[in-house]
Amino acid sequence: MMNLPPDMQERVVCSITAAIKYEIPANILLAIAEEGGKPGQWVRNSNGTHDVGSMQFNTLFLQDLSKYGITPAHVANSGCYAYDLAAWRVRLHIKNDKGDIWTRAAYYHSRTPKKYNAKYRADLIVMAVKWAGWLEDRFSL
């Protein structure tokens with residue numbers, strides 16, 4: 001990890017740890033994490049929801065999670081919590097939704113097929129391939 005800038009260390013460590021915990025491909029979670037979120041960040045979407053924190057977790061999903069005491073503040077904070085929550089959600093998409101793994105993982109971003117999901121899916125594949133190479137270079141068995 002020495003060759004990573006300090007701001008990327010949390011992203012990489014938390015993504016890999018969460019991917020292992022939720023049994024999803026680490027390169028996919030790392031690719032999603034590359035979307036550009038930052039701790040404390042709130043980005044307003046055209047539908048009135050917000051993407052919150054490091055993993056740009058959408059507030060639409062947080063409404064359902066509030067009954068478990070999960071708040072936007074939990075997701076906005078730095079640390080691994082947002083990565084765990086994102087990995088949990090990606091795992092649900094991978095296990096329960098239809099389509100190839102890339103389409104299902106891209107549901108994290110949007111379910112709107114052509115306009116958003118397909119573009120995010122294409123970007124996700126490019127980033128995930130890059131991360132797969134990065135992981136293989138450092139952690140090959």
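What do the buried residues of H2 pack against?

Modeller: They pack against four helices: H1, H5 (81–96), H6 (101–106) and H7 (113–139). Helices here are DSSP runs of H or I with at least four residues, strands are E runs of at least two, and both are numbered from the N terminus. Contact means heavy atoms within 4.5 Å.

First, the ground rules. The model is predicted, so local features need pLDDT of at least 70 and side-chain atom pairs count only at pLDDT 80 or more, while totals for chains, interfaces and linings use all residues. Residues are numbered from 1 along each chain as its sequence is written, and side-chain values use heavy atoms, with hydrogens and water left out.

Helix H2 covers residues 26–33 and has the highest confidence, at a mean of 97. Confidence is pLDDT, the predictor's score for each residue from 0 to 100. Helix H3 (residues 59–65) is lowest, at a mean of 89. For the protein, the mean is 91, and 98% of the residues reach 70 or more.

Now the burial. Eight of the eight residues of H2 are buried, so the helix is largely enclosed by the rest of the structure. Buried means under 20% relative accessible area, exposed over 50%, and partly exposed in between (1.4 Å probe, protein chains only). The buried set in H2 runs Ala26, Asn27, Ile28, Leu29, Leu30, Ala31, Ile32 and Ala33. Across the protein, 43% of the 141 residues count as buried.

Take the H1 side next. Ala19 sits in helix H1. Ala19 is buried, at 2% relative accessibility. Setting aside residues up to four places away in sequence, Ala19 touches Ile24, Pro25, Ala26 and Leu29. Of these, Ala26 and Leu29 are among the buried residues of H2. Ala19 and Tyr83 are 64 residues apart along the chain, yet their C-alpha atoms are separated by 8.5 Å.

Glu23 is exposed, with a relative accessible area of 63%. Glu23 is not a glycine, but has a positive phi of about 55°.

Look at the other end of H2. Ala33 is buried. One of the residues that touch Ala33 is Ser54. Ser54 is in the loop between strand S2 (50–52) and strand S3 (57–58). At 4% relative accessibility, Ser54 is buried. Beyond four places in sequence, Ser54 also touches Glu10, Gly37, Lys38, Pro39, Val75 and Tyr83. The S2–S3 loop holds Gln56 too. Gln56 is buried, with a relative accessible area of 9%. Its phi is positive, at about 50°, although Gln56 is not a glycine.

Ala33 and Ser54 both line the second largest pocket, along with Asp7, Glu10, Arg11, Gly37, Lys38, Pro39, Ser78 and Tyr83. A pocket is an open set of points on a 1 Å grid over the protein atoms alone, where a 1.4 Å probe fits and protein lies on both sides within 12 Å along at least five of seven lines; lining residues have an atom within 4 Å of a point. The volume of this pocket is about 190 Å³, the space filled by probe spheres set on points joined across faces, edges and corners. Helix H1 (residues 6–21) gives the most to the lining, with three residues. By class, the lining has three nonpolar, three polar and four charged residues.

The largest pocket has a volume of about 380 Å³. Its lining has 18 residues, with Asn45, Asn47, Asn58, His109 and Ser110 nearest the centre.

H7, one of the partners of H2, also carries Phe139. Phe139 is partly exposed, at 46% relative accessible area. Leaving aside neighbours within four places in sequence, Phe139 contacts Ile16 and Trp134.

Last, the setting. The protein has seven helices and three strands. Along the sequence the pattern is α-α-β-β-β-α-α-α-α-α. The C-alpha trace spans about 40 × 30 × 25 Å along its principal axes. Of the contacts between residues at least 6 apart in sequence, 46% join residues at least 24 apart.

Conventions: Nonpolar A, V, L, I, M, F, W, Y, C, P; charged D, E, K, R; others polar.
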